[in-house]
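Subject: Structure handover

Hello,

Here is the structure for your files. Please open it next to this message; the notes on what was found follow below.

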Amino acid sequence: MILDEIVADKKKRLVEHKNRIPAIKMRSMAEKTKTRSSDSFYENLKKPGLSIIGEFKKASPSLGEIHSKIDLMERISEYNESVDAISCLTEEDHFHGNVDYLKEIRQKSSLPVLRKDFMIDEYQFYEAKAIGADAVLLITAILDDVQMHDFYMLARELSLDVLVEVHNEEEIERAMKINPRIIGVNNRNLKDFTISLENTKRLRPYVPGDKVFVAESGITGDGDVEFLRDCGVDAFLIGRAFMESENPRALAKKWKELYQKK
């Protein structure tokens with residue numbers, strides 16, 4: 001399964017990262033990094049209406065290389081005027097990400113930034129804080145219950161919000177043990193990479209109303225927005241549609257307006 005391959009490659013990359021900046025130094029850097037005073041990732045997603053997380057990524061295992069029509073800085077400028085948070089891929093081997101992209105985004109945007117990666121080691125949480133992330137992703141499918149709890153607590157101690165990603169009923173049950181504030185349903189099957197928005201519809205009843213409910217993957221058209229609106233989704237995480245758009249600002253505005261129509 002591709003997920004196993006990604007995790008295996010991440011373990012190798014972690015050795016490189018720790019060789020460059022030892023764990024004790026990374027922890028010190030994180031602890032010296034001040035938490036920003038602007039609205040948090042959670043607060044920006046929780047407000048009334050549709051919240052949108054605009055993503056920046058160079059590639060993915062399912063799509064291959066993504067040929068963006070506008071450069072990073074122009075994209076961030078458009079995101080600054082239209083979305084509520086930014087997601088940045090930092091996984092190197094399969095998504096062609098890099099922590100330097102997140103650092104660059106942090107310099108150009110006051111929006112909360114999610115470090116989207118395969119978080120399997122506490123080192124990555126200190127690194128996320130040190131590079132300026134406001135939130136991190138926890139993928140239930142690659143973590144056991146102890147890791148889920150410990151990583152969630154570490155993130156919150158570092159004042160990082162956490163988007164907990166699930167794919168099925170069993171993962172929601174496990175995720176609820178840590179009482180997360182934000183739950184995301186990935187509509188992409190990580191075994192065969194097929195996409196179905198029915199995944200969000202099926203899992204919505206299992207998520208309590210006091211949680212911020214995020215739909216991830218597969219949002220590419222007006223019909224998808226209407227379908228997910230009717231499912232009771234609070235926020236969208238949008239990657240491909242924005243990355244391939246010449247004007248993500250206009251697209252975000254259009255979809256927020258569509259979401260309001262019932």
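**Overall make-up**

The protein has 12 helices and 10 strands; helices (H or I, at least four residues) and strands (E, at least two) are DSSP runs, numbered from the N terminus. The model is predicted: local features need pLDDT of at least 70, side-chain atom pairs count only at pLDDT 80 or more, and totals for chains, interfaces and linings use all residues. Residues are numbered from 1 along each chain as its sequence is written, and side-chain values use heavy atoms, with hydrogens and water left out.

The C-alpha trace spans about 50 × 40 × 35 Å along the principal axes. For 262 residues, a compact globule would have a radius of gyration near 18 Å, and the 17 Å of the protein agrees with that. The radius is taken over C-alpha atoms, and the globule rule is 2.2 Å times the number of residues to the power 0.38. Of the 262 residues, 55% count as buried (under 20% relative accessible area, with exposed over 50% and partly exposed in between; 1.4 Å probe, protein chains only).

Strand 6 (residues 135-139) has five of its five residues buried. Ala135, Leu137 and Ile139 lie on one side, Val136 and Leu138 on the other, and both faces are covered.

Strand 6 pairs with strand 5 (residues 113-116) in the parallel sense over two bridges; pairing requires that DSSP finds at least two bridges between the strands. Leucine 114 has alanine 135 of strand 6 as its bridge partner. From strand 5 the chain passes through helix 6 to strand 6 in a right-handed β-α-β crossover (with the strands pointing away from the viewer, the path from the first strand over the helix to the second runs clockwise).

Strand 6 also pairs with strand 7 (residues 161-166), in the parallel sense and over five bridges. Here valine 136 stands opposite valine 162 in strand 7. The chain reaches strand 7 from strand 6 through helix 7 (residues 145-157), and this β-α-β crossover is right-handed.

**The cavity**

A search of the whole structure finds one cavity of 30 Å³ or more, and the largest cavity has a volume of about 40 Å³. On a 1 Å grid over the protein atoms alone, a cavity is a set of points where a 1.4 Å probe fits but cannot get out, and lining residues have an atom within 4 Å of a point. Grid points are joined across faces, edges and corners, and the volume is the space filled by probe spheres set on the points.

The lining consists of Lys10, Arg13, Leu14, His17, Glu92, Arg115, Gln124 and Glu127. Helix 1 gives the most to this lining, with four residues.

Regards

Technical notes. On a 1 Å grid over the protein atoms alone, a cavity is a set of points where a 1.4 Å probe fits but cannot get out, and a pocket is an open set with protein on both sides within 12 Å along at least five of seven lines; lining residues have an atom within 4 Å of a point.
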